[in-house]
Amino acid sequence: MKIELSPDTAGDAWMPVCETSRLTPGRGVAALLPDGRQAALFVDRAGRAYAIENRDPFTGAQVLSRGLLGSAGGRPFVASPLLKQRFDLETGKCLDDDEVSVTVYPVRTV
């Protein structure tokens with residue numbers, strides 16, 4: 001099986017990213033998008049895939065794919081490896097600052 005994501009966030013166009021077997025639950029990988037942006041791709045222990053913008057909005061560094069996965073109130077998140085802000089993997093909202101968010105990309109397994 002393969003993981004695909006939609007770089008346009010509307011789910012109109014899809015691009016293959018990798019085989020599901022290449023992903024380790026709880027760890028992220030970075031994917032280069034056609035326009036030069038990066039996405040951080042994750043698979044949780046239940047096998048559900050998520051993709052968010054890889055750029056940490058607090059530092060500007062492309063590091064969210066290296067963050068730690070967790071859950072708060074039943075919501076999956078990734079914590080930035082730099083300043084530890086947590087980003088909801090389903091909505092992109094920062095759990096530590098209501099005014100900050102990252103882009104969420106649609107993901108599917110085919």
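This is a predicted model: local features need pLDDT of at least 70, side-chain atom pairs count only at pLDDT 80 or more; totals for chains, interfaces and linings use all residues.
Trainee: What order do the strands have in the open sheet of three?
Mentor: The order is 2-1-10, with antiparallel pairing. Strands are DSSP runs of E, at least two residues, numbered from the N terminus, and two of them pair if DSSP finds at least two bridges between them.

Trainee: Which strands stand at the edges?
Mentor: Strand 2 (15-19) and strand 10 (107-109) do; each has a single partner strand, so one side of each is left without a neighbour in the sheet.

Trainee: And how many bridges join strand 1 to strand 2?
Mentor: Four, and the two strands run antiparallel. In strand 2, P16 is the bridge partner of E4.

Trainee: Switching topic: is strand 4 largely enclosed or open?
Mentor: Five of the six residues of strand 4 (residues 38-43) are buried, so the rest of the structure largely encloses it. Buried means under 20% relative accessible area, with a 1.4 Å probe and protein chains only.

Trainee: What does strand 3 form with strand 4?
Mentor: A hairpin with five residues between them, where G36 in the turn has a positive phi of about 95°. Strand 3 (residues 28-32) pairs with strand 4 in the antiparallel sense over five bridges, and A30 stands opposite A40.

Key. Residues are numbered from 1 along each chain as its sequence is written. Side-chain values use heavy atoms; hydrogens and water are left out. Buried means under 20% relative accessible area, exposed over 50%, partly exposed in between (1.4 Å probe, protein chains only).
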